[in-house]
Amino acid sequence: MSRLIFLIFISIVNLTLANYFGSHSHKNDQCFCKLKGSIDDCSCNVDTVDYFNNMKIYPRLQSLLLRDYFRFYKVNLKKECPFWADDSKCAIRYCHVQPCQADDIPVGLKGDLPRDLHHHDEESPYDKYLAENKLNDCEQTARDHNKELGYLNRTISSKNYKEFERWQYHDDNLDNFCIKETSPGEYVDLLLNPERYTGYKGPSAHRIWRTIYMENCFRPDSSPHNFIKSSKIDGMCLEKRAFYRAISGLHASINIHLSAKYLLSSQEGMAFVRESSEWGPNLPEFQRRFSPETTGNEGPGWLKNLYFLYLLELRALYKAAPYLEREQYYTGNEAEDVDTKMAVMDILQVVKSFPDHFDESLMFNGGSEAQVLKEEFRQHFRNISRIMDCVGCDKCKLWGKLQVHGVGTALKVLFSGKFDTWSSTLNNIDRKQFYLDRSEIVALINGFGRLSESIFELENFRKMMR
């Protein structure tokens, strides 16, 4: 009898514990409740992306982004906001961005520096590299014929050069989804200025995202909130859904970075922080940004939009792979350049192995109306790239501009049309006809690296919550 009572008691205890831990496990997993099954408007599952990214892509990208070609990004952080006056300041000194000195920059990149940073009469290493590699076989044959046929006057007036530059700028603008920098910027070492929580928040930060969502995202007829409720997204066409999910995914990724690299060792709002300050994951901050209770049940959907943007940029890398495989990744250090190219080739092989890439061919079909929508899509994103100049924190502005530039470059690869046909004539392409400049390549790879790290950090937060 006593044994029977004991067994009943043990059963009750086990059932109680199971219910307790089961309910708490369910509660703790609420941020991740939608991170399962298929990814909206894509043909693969969340679990597939998690394994592919965390096991194959993330370790390779972390190594690649340490290399000089990808760690130095040229950006203008002094452009005035074109929409409003904003003199907001960060809460802590870690908002400051440390620019590079001329001696810090790899010698092969100095051809892209303002002329006053090196001797006017000195040909830069990058200029010399271009001069040695600018002729393709056809041009060389033409030059040989010219030697036989006699003198050919190749003189072009400065007026015509300026006209060519104007045409080139116009043509570039037809393809670009970001506003191209026309004023000189300065190089920033991304490794010395990592993206992390800076204390930048309040009305200034909210105005940035409110303007992006309310004035530059496609919206259903009745959606008064900054974000669009999940129940209303399905009523929009594929192109408009894709635009919103890309922006929402970028926003989610940035919020994950700020939660994963949070200032842990000082009080919030402190004007001065010790050099020994500790940065790390802040679980309550992550839950505040993504839990159903604090986001009107939308947070888990925002995390899923991160996966959508990841697949979109993964597809852009796949589509641009023949071009990226041809790039030399020149920095002036021959051994470094060879290793960098080998690392890029390795990552591109992994990208090609992914079974279900985003299918951009389903978008912008339907004649003239589709082309009008495509141009509206492009102009909306160009406006978002302008808004990045309104961010009141230099470090937030740096990483905001870089990641928006990365998304814009991915959209250019997917929708400009040039990457649909150029590969068949790849061997006849001159460097001057390349469709991506160095800043676009750096932004594309670093931007994808940020998305990859976000998905990797999600697994860490999931473990912490459990």
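1. Let me start with aspartate 337, which counts as buried because its relative accessibility is 9% (buried means under 20% relative accessible area, exposed over 50% and partly exposed in between, with a 1.4 Å probe and protein chains only). Aspartate 337 is found in helix α12; helices here are DSSP runs of H or I with at least four residues, strands are runs of E with at least two, and both are numbered from the N terminus.

2. A word on the basis of these values: this is a predicted model, in which local features need pLDDT of at least 70 and side-chain atom pairs count only at pLDDT 80 or more, while totals for chains, interfaces and linings use all residues. Residues are numbered from 1 along each chain as its sequence is written, and side-chain values use heavy atoms, with hydrogens and water left out.

3. What does aspartate 337 touch, not counting residues up to four places away in sequence? Gln328, Tyr329, Tyr330, Thr331 and Gly332, where contact means heavy atoms within 4.5 Å. The side chain of aspartate 337 also reaches the backbone nitrogen of glycine 332 at 3.4 Å. Aspartate 68 lies 269 residues from aspartate 337 in sequence, yet the C-alpha to C-alpha separation is 8.8 Å.

4. Helix α12 turns up again at the largest cavity, where α12 gives the largest share of the lining, three residues.

5. The lining of the largest cavity consists of Leu61, Leu64, Leu317, Leu324, Val344, Ile347, Leu348 and Ile445. By class, that is eight nonpolar, no polar and no charged residues (Ala, Val, Leu, Ile, Met, Phe, Trp, Tyr, Cys and Pro count as nonpolar, Asp, Glu, Lys and Arg as charged, and the others, Gly among them, as polar).

6. Of its 38 lining residues, His206, Trp209, His251, Asn255 and Arg289 lie nearest the centre. The lining has 19 nonpolar, eleven polar and eight charged residues, with the largest share, eight residues, coming from α9.

7. The unreviewed UniProt entry carries a "binding site" annotation over Arg196, Thr198, Trp209, Ser248, His251 and Arg289. From this set, Arg196, Thr198, Trp209, Ser248, His251 and Arg289 are found in the lining of the second largest pocket. Please keep in mind that such annotations may be inferred rather than shown by experiment.

8. Two of the annotated residues deserve a look. Tryptophan 209 sits in helix α7 and, leaving aside neighbours within four places in sequence, is in contact with Ile247, His251 and Ile254. Arginine 289 lies in helix α10 and counts as buried because its relative accessibility is 16%. A polar contact of 2.6 Å links the side chains of arginine 289 and asparagine 255 (a pair of N or O atoms within 3.5 Å; within protein, one must be able to donate a hydrogen and the other to accept it, and residues adjacent in sequence count only if both atoms are side-chain atoms).

How values were computed:
On a 1 Å grid over the protein atoms alone, a cavity is a set of points where a 1.4 Å probe fits but cannot get out, and a pocket is an open set with protein on both sides within 12 Å along at least five of seven lines; lining residues have an atom within 4 Å of a point.
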